Amino acid sequence: KKANGKKSKRIKTVSLVPIAQAIERSRRDREERQKIVLWKKPLTTLRYFLLETVINLKVWAYRVWWWRSILLLTLLLLISAGTVCYIEGPHQLYVSYLEKKILWCSYWVGLGILSSVGLGTGLHTFLLYLGPHIASVTLAAYECNTVNFPEPPYPERITCPDEAIQEEFISLWAILSKVRLEACMWGAGTAIGELPPYFMARAARLSELEPDDEDYEEIEEMLEDPDSPQDFASWAKKAIQTLVKKVGFFGILACASIPNPLFDLAGIACGHFLVPFWTFFGATLIGKAIVKMHIQKLLVIMAFSKHIVEQMVTLIGAIPTLGPSLQKPFQEYFEAQRLKLHHKSEMKNIMEKENWVSWVFEKLVVVMVAYFVLSIINSMAQSYARRIQQQMNSGEKMN
């Protein structure tokens with residue numbers, strides 16, 4: 001018995017060696033891939049990015065060919081709709097209205113998808129587009145004493161109506177209703193952007209294949225090993241995973257209804273535990289497009305209400321030494337926005353005057369968009385490097 005016990009212990013010890021080697025090799029490969037970024041290896045990164053793009057184009061072309069019948073039917077429907085749109089008749093009034101609404105909704109849905117696509121690497125379109133739009137509508141509503149802005153130029157540009165408006169109380173509900181469509185469409189786009197992690201985790205669980213995503217691998221290891229050591233971020237991820245697993249629909253709804261940077265984990269956990277698609281997507285859509293969007297809208301509207309903005313500018317001026325110099329640009333900026341709402345062409349010179357507040361915001365938008373593009377290039381280049389490493393590792397196994 002002692003001999004058998006020693007033998008079994010020896011076998012277990014030997015069997016752990018390949019596993020340890022595989023873990024160490026995986027760690028080295030990951031560190032090597034993380035070095036493939038534009039600011040360290042620009043030529044290699046661009047080359048890998050182009051090669052990965054070619055591979056993805058081939059995959060997409062194959063999928064398009066596989067679904068060619070549906071694609072052909074869709075093209076025929078679009079051609080038919082386009083033909084109807086260009087035929088003269090009384091229906092053109094409704095066609096113009098529908099075209100405007102569809103384009104407007106598609107714009108915000110697209111921005112929502114960009115915001116949530118990828119595991120935490122999306123473009124922050126709420127801060128860059130939706131938030132400023134809601135803030136502009138809020139400031140205009142209090143300045144114009146109405147939310148009935150003339151169309152056109154709204155929504156591309158906000159101006160007060162030419163006719164005199166009797167002063168009336170601008171309710172919070174009126175502003176919420178004015179921006180509800182674009183906010184809900186943006187929220188629906190963020191819900192759609194959460195689907196790739198769900199499908200990736202579900203496919204990996206059903207096929208029992210190794211997932212081709214580093215972030216997913218890290219999260220899946222945490223799901224499979226609940227007793228692993230955890231920091232605060234890991235604890236938060238674990239709490240979300242437990243909530244989704246045990247509560248189900250209402251757990252997903254709770255995670256989606258609050259601004260939650262870790263919601264990607266909820267999608268991965270739902271796919272990993274084979275939660276039904278409509279349970280996951282329905283709860284995510286309700287949470288993001290309805291509950292969370294109303295919370296975010298309320299926060300932005302309250303932050304940019306007229307009396308709060310005036311108090312904010314006053315508080316800036318109260319800062320010792322730097323207060324007056326910081327207060328002046330904000331006063332000029334809000335004054336320019338006020339004049340812009342009341343005048344069209346005669347105040348062009350005033351409106352075009354350079355202000356450092358608007359200049360800083362414009363440059364911030366450029367920097368964030370550039371960072372988003374760079375992150376896509378780096379991610380695709382690292383994905384191609386992973387392909388090379390997998391081929392080399394499989395070749396070593398064969399030998």
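This is a predicted model: local features need pLDDT of at least 70, side-chain atom pairs count only at pLDDT 80 or more; totals for chains, interfaces and linings use all residues.
Helices here are DSSP runs of H or I with at least four residues, numbered from the N terminus. The protein chain has 17 helices and 0 strands, and buried residues make up 35% of its 399 residues. Among contacts with a separation of 6 or more, 71% come from residues 24 or more positions apart.

- Most residues other than glycine have a negative phi, and most peptide bonds are trans.
- Asn-145 has a relative accessible area of 18%, so it counts as buried, the cut-off being under 20%.
- Pro-155 also sits in the loop between H5 and H6.
- The peptide bond joining Tyr-154 and Pro-155 is cis, with omega at about 10 degrees.

**The nonpolar cores**

- The largest nonpolar core has 25 residues, and the ones with the most contacts inside it are Leu-130, Val-137, Phe-149, Ile-175 and Trp-186.
- At least two residues of this core come from each of helix H4 (92-116), helix H5 (125-144), helix H6 (172-178), H7 and H13.
- H5 is the biggest giver to this core, with 8 residues.
- Apart from this core lies another one, of 15 residues, including Cys-255, Ala-266, Cys-270 and Val-275.

**H7 against H13**

- Helix H7 (residues 180-193) packs with helix H13 (residues 277-303) at an angle of about 140 degrees, and their axes are 8 Å apart.
- That angle makes H7 oblique to H13, and the crossing is right-handed.
- On the H7 side, the residues that meet H13 include Arg-180, Ala-183, Trp-186 and Ile-192.
- On the H13 side, those that meet H7 include Phe-281, Leu-285, Lys-288 and Met-293.
- Sorted by class, the contact of H7 with H13 holds 10 nonpolar, 5 polar and 3 charged residues.

**H5 against H7**

- The axes of H5 and H7 come within 10 Å and cross at roughly 165 degrees.
- Because angles over 145 degrees count as roughly antiparallel, H5 is roughly antiparallel to H7.
- H5 passes H7 in a left-handed crossing.
- Here Thr-125, Phe-126, Leu-130 and His-133 of H5 meet Glu-182, Ala-183 and Trp-186 of H7.
- The contact of H5 with H7 divides into 4 nonpolar, 2 polar and 1 charged.

**H4 against H5**

- H4 and H5 pack at an angle of about 145 degrees, with 9 Å between their axes.
- From H4, Trp-104, Tyr-107, Trp-108, Leu-111, Gly-112, Leu-114 and Ser-115 take part, meeting Thr-125, Tyr-129, Leu-130 and His-133 in H5.
- There are 7 nonpolar and 4 polar residues in the contact of H4 with H5, and no charged residues.

Conventions
Residues are numbered from 1 along each chain as its sequence is written. Side-chain values use heavy atoms; hydrogens and water are left out. Axes are lines fitted to C-alpha atoms, for helices over the stretch in contact, and angles run from 0 to 180 degrees between N-to-C directions. Angles under 35 degrees count as roughly parallel, over 145 as roughly antiparallel, 65 to 115 as roughly perpendicular and the rest as oblique. A crossing is left-handed if the near helix is turned anticlockwise from the far one by less than a right angle, and right-handed if clockwise. Contact means heavy atoms within 4.5 Å. Ala, Val, Leu, Ile, Met, Phe, Trp, Tyr, Cys and Pro count as nonpolar, Asp, Glu, Lys and Arg as charged, and the others, Gly among them, as polar. A nonpolar core is a set of buried Ala, Val, Leu, Ile, Met, Phe, Trp, Tyr and Cys residues joined through side-chain atoms within 4.5 Å. Buried means under 20% relative accessible area, exposed over 50%, partly exposed in between (1.4 Å probe, protein chains only).
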